[in-house]
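Hello,

Here is the structure for your files. My notes follow below it.

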Amino acid sequence: CEAVVGALQSHAGYAEVAKGACGAAHNLASNEATRTRLGDAGACEAVLGALQAHTGHAGVIARACYAVVGLTYLSEANSERLGNVGACEAVVGALLAHGGRGNVRLDELACNAMQNLAMDHPANRAELEAVAGGRVALLQLVGHCSAPAASKRGVEAAMG
């Protein structure tokens, strides 16, 4: 866990390193113990840093969203950490910048990240809505992206 966070922190400017480390963070987050350990080690902040540093690189954005999905799965602590450091804004921004352009995987992962951030976390739901310009605007953004219907419905359900 610490090695993945270290790679993200030390080599944040290198897109391929960020992409690989975000993928590794998602894979490591597959069980509760390592998900917690990743959060405690600073993975939430490091993944967000990668997302913010590579706004023009669809591969990094997709993998960073993938890491957010893994880190937030059944983890209120990581959802809160990510919300506190700006993940809601970054994920909505990624979807605004890249959504609906045929990159189905990026759109799907951004929707899944928003779903997990919003699930059972009212502050993150409010932030997602605020960043998008309101609930209707957020749902329209999700509706126009090229994510599968199940991912879109997941966001709608998480937003309440």
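At roughly what angle do the axes of helix H8 and helix H9 cross? The model is predicted, so local features need pLDDT of at least 70 and side-chain atom pairs count only at pLDDT 80 or more, while totals for chains, interfaces and linings use all residues. Residues are numbered from 1 along each chain as its sequence is written, and side-chain values use heavy atoms, with hydrogens and water left out.

**Helix pair.** H8 (residues 104–118) and H9 (residues 122–132) cross at roughly 135°, and their axes come within 7 Å. Helices here are DSSP runs (H or I, at least four residues), numbered from the N terminus. Axes are lines fitted to C-alpha atoms over the stretch in contact, with angles from 0 to 180 degrees between N-to-C directions. Met114, Leu117 and Ala118 of H8 meet Asn124, Arg125 and Leu128 of H9. Contact means heavy atoms within 4.5 Å.

**Core.** The largest nonpolar core has 53 residues; Leu8, Val47 and Met114 touch the most other members. Such a core is a set of buried Ala, Val, Leu, Ile, Met, Phe, Trp, Tyr and Cys residues joined through side-chain atoms within 4.5 Å. Buried means under 20% relative accessible area (1.4 Å probe, protein chains only). Helix H5 (residues 58–72) gives the largest share, 9 residues. Beyond four places in sequence, Val47 contacts residues including Leu8, Cys22 and Ala64.

**Cysteines.** The disulfide count is 0, taking cysteine sulfur atoms within 2.5 Å as a pair. For Cys22, the nearest cysteine sulfur is that of Cys65, 9.2 Å away. Cys22 is buried, at 0% relative accessible area.

Best wishes

Note on methods: Helix = DSSP H or I, 4+ residues; strand = E, 2+ residues; numbered from the N terminus. Buried < 20%, exposed > 50% of the residue type's maximum accessible area, 1.4 Å probe, protein only.
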